[in-house]
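Trainee: I would like to learn how to read the packing of helices in a model. Could you take me through a case?

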Amino acid sequence: MENTLTLDEERVREDQEWARLFDYRIQKEFLRHCIYSISLNDPAHNLGHVKDVCRLGKEICGDLHLGERDTLLVYVACLLHDIGCRYERSQHHLIGYGLTYELLGRLWPDEFNDDEVMTIATAVLEHRSSNHYKPSSLISSIVSVADSGAPDFAKYVRRAVQFRLKKNMEELHVVEDVYKHLLEKFGAEGYHWKSYPEIGMDFFKKEWDDFSEKLYDEKSTLELIRETYVTLGGGSVTQPN
Ligand SMILES: [Fe+2]
Ligand SMILES: [Fe+2]
């Protein structure tokens with residue numbers, strides 16, 4: 001029993017872990033409010049996800065030898081990037097953009113000048129990979145790359161198959177369509193590269209090289225798509241006569 005943490009102790013430990021992650025540079029009340037608000041997000045944008053993004057953002061700042069002030073802007077933007085999800089998912093970047101001004105003004109006034117607040121808010125606005133353009137600043141680029149995480153070929157295949165399963169496509173059609181989609185998105189002229197930040201290409205160079213190698217191994221990729229289709233339950237539903 002002595003080793004069991006009470007709920008309050010657990011909360012304190014959690015707060016400390018967050019504070020340490022940001023090198024104790026985020027104002028306490030502001031941080032606590034953000035953590036509470038994010039805890040009300042949907043599972044895909046929960047505290048675990050935001051913590052991963054903050055960790056990766058910090059790592060990229062270190063890799064780029066970013067100055068202290070810019071690093072702080074990245075910390076705050078990573079913390080706030082999904083703050084809008086609590087209210088609505090499809091427009092959460094826009095909601096987060098507005099909330100950035102509101103929360104910083106109310107809970108952490110006088111720390112950031114107008115330009116810095118705008119840089120943080122813009123990074124929140126531009127963080128989504130569905131953005132059509134490259135992020136407009138280095139801070140935005142870091143947050144966007146941290147949010148996307150390391151390239152994961154199997155994960156992209158899974159998502160693409162899942163999307164088509166919902167549309168009740170047949171196996172042969174799914175396999176062909178997913179491979180076509182992957183080439184269109186991640187091939188040499190793929191549309192993914194139009195909006196993906198350069199710093200992500202450098203930071204994840206090894207992972208992206210590995211990704212491309214897998215993509216152009218047509219036989220293995222088609223097999224992976226087929227296996228994923230079966231694993232996700234494709235073809236197991238008997239069609240009514
Ligand atoms: Fe997001
Ligand atoms: Fe996110």
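This is a predicted model: local features need pLDDT of at least 70, side-chain atom pairs count only at pLDDT 80 or more; totals for chains, interfaces and linings use all residues.

Trainee: By what is the packing of two helices described?

Mentor: Two packed helices are described by the angle between their axes, together with the distance that separates those axes. Here, helix 3 (residues 47–63) packs on helix 7 (residues 138–148) at an angle of about 130°, and their axes are 8 Å apart. That angle makes helix 3 oblique to helix 7, and the crossing of the two is right-handed.

Trainee: Which residues of helix 3 and helix 7 make the contact?

Mentor: Helix 3 contributes V53, L56, G57, I60 and C61, while helix 7 contributes I142, V143, V145, A146 and D147. Sorted by class, the residues of this contact are eight nonpolar, one polar and one charged.

Trainee: At what angle do helix 3 and helix 4 pack, and how many Å apart are their axes?

Mentor: Helix 3 and helix 4 (residues 68–80) pack at an angle of about 165°, with 9 Å between their axes. Angles over 145 degrees count as roughly antiparallel, and helix 3 and helix 4 are therefore roughly antiparallel to each other. The crossing of helix 3 with helix 4 is right-handed.

Trainee: Which residues make the contact between helix 3 and helix 4?

Mentor: On helix 3 they are V50, V53, C54, G57 and C61, and on helix 4 they are T71, V74, Y75, C78 and L79. This contact has eight nonpolar and two polar residues, with no charged ones.

Conventions: Residues are numbered from 1 along each chain as its sequence is written. Chains are lettered from A and ligands numbered from 1 in the order in which they are written. Axes are lines fitted to C-alpha atoms, for helices over the stretch in contact, and angles run from 0 to 180 degrees between N-to-C directions. Helices (H or I, at least four residues) and strands (E, at least two) are DSSP runs, numbered from the N terminus. Angles under 35 degrees count as roughly parallel, over 145 as roughly antiparallel, 65 to 115 as roughly perpendicular and the rest as oblique. A crossing is left-handed if the near helix is turned anticlockwise from the far one by less than a right angle, and right-handed if clockwise. Two residues are in contact if their C-beta atoms, placed from the backbone, lie within 7 Å. Ala, Val, Leu, Ile, Met, Phe, Trp, Tyr, Cys and Pro count as nonpolar, Asp, Glu, Lys and Arg as charged, and the others, Gly among them, as polar.
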